[in-house]
Amino acid sequence: MTADTAEALEVITGASWFEASAEKSTIAHAAQELGGGSGAPGTVDGDVCRIHTPVGTPEVELRITWLRSDGTPVGDPAPKFTVLPMGERALTATDGAVIRFACRSGKLTGSAPAHVDIGVERGGMPAEPEGDPGELKDAYATVAHSFSLAMAKELGCENDGGLEPRPSPDPASR
């Protein structure tokens with residue numbers, strides 16, 4: 001995890017350290033699922049991992065998910081989302097983000113390129129996000145980018161799925 005991602009997680013959760021994840025809660029395991037039969041286009045999302053604040057602190061859970069989609073994104077996003085210049089489509093809000101990237105890789109079944117969505121959302125009962133809306137949107141975008149880039153690298157996507165080494169949370173640069 002990069003320092004930017006650690007800072008983003010702290011903005012979202014208010015915590016600087018987290019509970020250990022399950023053994024299978026890794027990018028490598030999620031990439032294996034995505035690349036195998038369970039990763040066929042249109043599959044409902046699978047979990048990459050869940051991030052929990054430490055026991056004894058206010059409970060915050062972030063759910064990191066993957067979805068292999070049939071094609072490029074179409075239509076306008078819901079009004080709560082801001083479109084960002086990352087991958088095929090990146091959307092961020094004060095309570096989550098999703099990045100779609102195209103991946104050509106020998107590790108994926110089916111026709112190429114695959115379209116992969118990596119989502120970050122707050123788990124549990126819906127609650128009004130606390131904090132500066134701009135900071136929260138940037139933080140969710142940073143976490144989504146970090147997991148998307150890690151997934152693209154793990155899958156061996158050509159050109160890292162079109163993702164830059166660093167996130168681009170500024171919508172003006174589109």
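Helices here are DSSP runs of H or I with at least four residues, and strands are E runs of at least two, both numbered from the N terminus. Keep that in mind as we walk through what is a predicted model.

With those labels in hand, let's start with aspartate 170, which sits in the segment after α3 (133-155). Its relative accessible area is 42%, so it counts as partly exposed. Aspartate 170 also belongs to a negative surface patch, together with Asp132, Glu135 and Asp138.

Now for the salt bridges. The count comes to 8, and one of them joins the side chains of arginine 63 and glutamate 121, at 3.8 Å from N to O. Arginine 63 lies in strand β2 (residues 61-69) and glutamate 121 in strand β6, so this pair ties together parts that are 58 residues apart in sequence. Glutamate 121 is partly exposed, with 36% relative accessible area.

Next up is lysine 80, whose side chain meets that of aspartate 95 in a salt bridge of 3.1 Å, N to O. This one runs from loop to loop: lysine 80 is in the loop between β2 and β3 (82-84), while aspartate 95 is in the loop between β4 (89-93) and β5, 15 residues apart. How accessible are the two partners? Lysine 80 is partly exposed at 44% relative accessible area, and aspartate 95 is partly exposed as well, at 29%.

What about arginine 100 and aspartate 117? Their side chains meet in a salt bridge too, with an N to O distance of 2.5 Å. Arginine 100 is in strand β5 and aspartate 117 in strand β6, so the pair links distant parts of the chain, 17 residues apart. Are these two buried or exposed? Buried means under 20% relative accessible area. Arginine 100 has 14%, so it is buried, and aspartate 117, at 11%, counts as buried too.

Serine 105 is found in the loop between β5 (96-103) and β6 (114-122). Although it is a loop residue, serine 105 is buried, with a relative accessible area of 18%. Its side chain reaches the backbone nitrogen of lysine 107 at 3.0 Å.

Conventions: Residues numbered from 1 in each chain as written. Predicted model: local features only at pLDDT ≥ 70, side-chain atom pairs only at ≥ 80, totals over all residues. Heavy atoms only, no water. Patch = residues over 30% accessible without salt bridge, like charges linked within 9 Å, V, L, I, M, F, W, Y side chains within 5 Å. Areas by Shrake-Rupley, 256 points an atom, 1.4 Å probe, with all protein chains shown as cover. Salt bridge = Lys/Arg side-chain N within 4 Å of Asp/Glu carboxyl O. Lys, Arg positive; Asp, Glu negative; His and termini not counted. Charge placed at Lys NZ, Arg CZ, Asp CG, Glu CD. Buried < 20%, exposed > 50% of the residue type's maximum accessible area, 1.4 Å probe, protein only. Polar contact = N/O pair within 3.5 Å; in protein donor to acceptor, adjacent residues only side chain to side chain.
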